[in-house]
Amino acid sequence: VFTETHSDWIRGMLARMDHAYERSDLRRDIRDVLPMRPSEYWLRQCYIGSSIFSRAEIAAREQIGVGKMMIGMDFPHSEGAWRRGTLAYLQATFGAVGVPETDARLMLAENAALVYGFDLAALGQISGRSGLELDEVLTAPAVQPAWRGDLNRPLIPA
């Protein structure tokens with residue numbers, strides 16, 4: 001799991017590594033040690049625990065790998081989602097992009113539960129008492145906030 005980082009680098013870096021693996025002048029015996037392309041290793045065993053997502057990263061979730069993305073609130077760092085209010089941040093990203101419920105559930109909880117072995121039923125009891133409602137989270141704000149920082153961070157080109 002890559003943490004304390006953004007997820008926008010993944011598409012381009014995997015493309016570059018796959019190119020080096022398949023088409024560059026690297027020695028071909030690398031395949032004796034690494035029989036799969038770097039992107040195949042990524043799909044098999046890697047995940048990203050982004051500090052926070054920009055809208056562009058959420059919009060590119062299919063290309064990055066929605067089943068690989070886990071959100072972090074980055075508390076107590078100043079760029080963390082908690083600073084403006086977690087609900088406001090989630091609405092300004094997930095809600096504004098129009099993320100469907102199935103994708104949101106993966107990125108907000110289910111991917112982390114799978115990777116770390118969390119008991120979703122037990123956590124559901126806690127979040128049911130104090131958590132946010134998913135339909136509210138996935139509602140776009142009436143006016144998109146003009147916060148400085150990572151919300152509008154562009155993707156690194158693939």
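1. A quick word on terms: buried means under 20% relative accessible area, exposed over 50%, and partly exposed in between (1.4 Å probe, protein chains only). This is a predicted model, where local features need pLDDT of at least 70 and side-chain atom pairs count only at pLDDT 80 or more, while totals for chains, interfaces and linings use all residues. Residues are numbered from 1 along each chain as its sequence is written, and side-chain values use heavy atoms, with hydrogens and water left out.

2. You will find seven salt bridges in the structure (a side-chain nitrogen of Lys or Arg within 4 Å of a carboxyl oxygen of Asp or Glu). Helices (H or I, at least four residues) and strands (E, at least two) are DSSP runs, numbered from the N terminus.

3. Take a look at Glu22 and Arg37, whose side chains form a salt bridge at 2.5 Å, N to O. Glu22 sits in helix α1 and Arg37 in the loop between α2 (30-33) and α3 (38-45), so the pair ties together parts 15 residues apart in sequence. Glu22 is partly exposed, with a relative accessible area of 27%, and Arg37 is partly exposed too, at 30%.

4. Arg61 and Asp103 make another salt bridge, with their closest N and O atoms 2.8 Å apart. This pair links distant parts of the chain: Arg61 belongs to helix α5 (residues 61-64) and Asp103 to helix α7 (residues 101-116), 42 residues apart. Both Arg61 and Asp103 are buried.
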